[in-house]
Amino acid sequence: MNDTSSTKTYYIVYFALLSLTLLTCALSFVPQVGWHATVGLGIASVKAGLIAVFFMHILTADRLPWLTLLAGILWFSILLGLTLADYLTRASLSY
């Protein structure tokens, strides 16, 4: 049994996910400032990464799960880039 599938590791990841969820809930009580959504998305990304690595066994998987993960990240990057390209160019348009 390798280290990524030991019971102790699963408990550590569980408590990390639990604490990150509590941090997300605590963040909702903070007054809305400029970086509020960015911090929330950062916490969500860390939680998604923990789930993918430990519970979906991405580290010990073959090529197909890695390819699927990379395709998802690429697709998200394309969508984010197109959204930001639209958002950042709206202020320069004069009607």
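Modeller: Quick definition before we start: a residue is buried under 20% relative accessible area, exposed over 50%, and partly exposed in between. Keep in mind that this is a predicted model.

Biologist: How is a pair of aromatic rings described?

Modeller: In general, you give the distance of the centres and the angle of the planes. Here you have 2 aromatic pairs to look at. In one of them, Tyr10 and Phe55 are stacked, with 5.6 Å centre to centre and 10° between the planes.

Biologist: Which parts does that pair tie together?

Modeller: Tyr10 belongs to helix H1 (residues 7-27) and Phe55 to helix H2 (residues 36-55), so the pair links parts that are 45 residues apart in sequence. As for accessibility, Tyr10 is partly exposed at 24%, and Phe55 is partly exposed at 39%.

Biologist: What about Tyr14 and Phe15, stacked or edge-to-face?

Modeller: Planes over 60 degrees apart count as edge-to-face. Tyr14 and Phe15 have 65° between the planes, so their pair is edge-to-face; the centres are 5.2 Å apart.

Biologist: Which residues make the nonpolar surface patch?

Modeller: Tyr14 and Phe15 turn up again, along with Tyr11, Leu18 and Leu22. The patch has an area of about 570 Å².

Biologist: Now the whole chain: how many helices and strands are there?

Modeller: The chain has 3 helices and 0 strands, giving the pattern α-α-α along the sequence. Its radius of gyration is 18 Å, well over the 12 Å that the globule rule gives for 95 residues, so the chain is more spread out than a compact globule. The C-alpha trace spans about 65 × 35 × 10 Å along its principal axes. On burial, 14% of the 95 residues count as buried.

Biologist: Let's finish with Thr89. Where is Thr89 found?

Modeller: Thr89 sits in helix H3 (residues 63-89). With a relative accessible area of 43%, Thr89 is partly exposed.

Biologist: What does the side chain of Thr89 reach?

Modeller: The side chain of Thr89 reaches the backbone oxygen of Ala85, at 2.8 Å. For a C-alpha distance, take Thr89 and Leu70: these residues are 19 apart along the chain, and their C-alpha atoms are separated by 28 Å.

Conventions:
Residues are numbered from 1 along each chain as its sequence is written. This is a predicted model: local features need pLDDT of at least 70, side-chain atom pairs count only at pLDDT 80 or more; totals for chains, interfaces and linings use all residues. Side-chain values use heavy atoms; hydrogens and water are left out. Rings of Phe, Tyr and Trp (its six-membered ring) pair if their centres lie within 6.5 Å; planes under 30 degrees apart count as stacked, over 60 as edge-to-face and the rest as tilted. Helices (H or I, at least four residues) and strands (E, at least two) are DSSP runs, numbered from the N terminus. Buried means under 20% relative accessible area, exposed over 50%, partly exposed in between (1.4 Å probe, protein chains only). Patches are made of residues with over 30% relative accessible area and no salt bridge: like charges are joined within 9 Å, nonpolar side chains (Val, Leu, Ile, Met, Phe, Trp, Tyr) within 5 Å. Accessible areas come from the Shrake-Rupley method with a 1.4 Å probe; for residues, only the protein chains shown count as cover. A salt bridge is a side-chain nitrogen of Lys or Arg within 4 Å of a carboxyl oxygen of Asp or Glu. A polar contact is a pair of N or O atoms within 3.5 Å; within protein, one must be able to donate a hydrogen and the other to accept it, and residues adjacent in sequence count only if both atoms are side-chain atoms. The radius of gyration is taken over C-alpha atoms; the globule rule is 2.2 Å times the number of residues to the power 0.38.
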